[in-house]
Amino acid sequence: MSLSSKDINLILSFLNEEKCGSSLTFEQISVQFQHNISKSDYLRVGNALVLLLQNRDLLPTPQQRLIILFLFNDMYKNEQQSI
């Protein structure tokens, strides 16, 4: 149940500390995420994002944590049940 290197690289590109929050809008992040990550991989991606959130040393900036929370919302925005 591991992520592919392509998925890991995509997530890390969103969370790159040098350009985090300055080069991509939330809409652009959403489009890239939806285009590159299949719905069947959401559970694996979500688990990886939770691990990142639990280790604050890995995400030193508030912008990085905000992007992860946005990705959670984006993954499940069309679900019938609220999360």
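## The cavity

A cavity is a set of grid points where a 1.4 Å probe fits but cannot get out. In this predicted model, the structure holds one cavity of 30 Å³ or more. The space in the largest cavity comes to about 50 Å³.

Ten residues line the largest cavity, and those nearest its centre are F14, K19, C20, S23 and L24. By residue class, the lining of this cavity is made up of five nonpolar, four polar and one charged.

## Helix 1 against helix 2

Two packed helices are described by the angle between their axes and the distance between the axes. For helix 1 and helix 2, the axes come within 11 Å and cross at roughly 175°. Angles over 145 degrees count as roughly antiparallel, and helix 1 and helix 2 are therefore roughly antiparallel to each other.

On the helix 1 side, the residues that meet helix 2 are K6, D7, L10 and F14; on the helix 2 side they are I29, Q32, F33 and N36. The residues of this contact divide into four nonpolar, two polar and two charged.

L10 is found in helix 1, which spans residues 5-14. L10 counts as buried because its relative accessibility is 11%, and buried means under 20%. Leaving out residues up to four places away in sequence, L10 touches Q32, F33, N36 and I37. One of these contacts, F33, is 23 residues from L10 in sequence, with 7.8 Å between the C-alpha atoms of the two.

D7 also lies in helix 1. Its relative accessibility is 6%, so D7 counts as buried. The contacts of D7, not counting residues up to four places away in sequence, are N36, I37 and D41. Between D7 and S38, which are 31 residues apart along the chain, the C-alpha separation is 9.8 Å.

## L15 in the loop

The loop between helix 1 and helix 2 contains L15. With a relative accessible area of 6%, L15 is buried. Apart from residues up to four places away in sequence, L15 touches C20, L52, L59, Q64, I67 and I68. C20 is also among the residues nearest the centre of the largest cavity.

L15 and L71 are 56 residues apart in sequence, and their C-alpha atoms are 11 Å apart in space.

## S30 in helix 2

S30 has its place in helix 2, residues 26-36. The relative accessibility of S30 is 10%, and S30 therefore counts as buried. Once neighbours within four places in sequence are set aside, S30 is in contact with F70, D74 and K77.

## M75 in helix 4

Helix 4 covers residues 62-75 and includes M75. M75 has a relative accessible area of 4% and is buried. With neighbours within four places in sequence left aside, M75 is in contact with F33, Y42, V45, G46 and L49. F33 in this list is also touched by L10.

M75 and L58 are 17 residues apart in sequence, and their C-alpha atoms are 22 Å apart in space.

Conventions:
Residues are numbered from 1 along each chain as its sequence is written. This is a predicted model: local features need pLDDT of at least 70, side-chain atom pairs count only at pLDDT 80 or more; totals for chains, interfaces and linings use all residues. Side-chain values use heavy atoms; hydrogens and water are left out. On a 1 Å grid over the protein atoms alone, a cavity is a set of points where a 1.4 Å probe fits but cannot get out, and a pocket is an open set with protein on both sides within 12 Å along at least five of seven lines; lining residues have an atom within 4 Å of a point. Grid points are joined across faces, edges and corners, and a volume is the space filled by probe spheres set on the points. Ala, Val, Leu, Ile, Met, Phe, Trp, Tyr, Cys and Pro count as nonpolar, Asp, Glu, Lys and Arg as charged, and the others, Gly among them, as polar. Helices (H or I, at least four residues) and strands (E, at least two) are DSSP runs, numbered from the N terminus. Buried means under 20% relative accessible area, exposed over 50%, partly exposed in between (1.4 Å probe, protein chains only). Contact means heavy atoms within 4.5 Å. Axes are lines fitted to C-alpha atoms, for helices over the stretch in contact, and angles run from 0 to 180 degrees between N-to-C directions. Angles under 35 degrees count as roughly parallel, over 145 as roughly antiparallel, 65 to 115 as roughly perpendicular and the rest as oblique.
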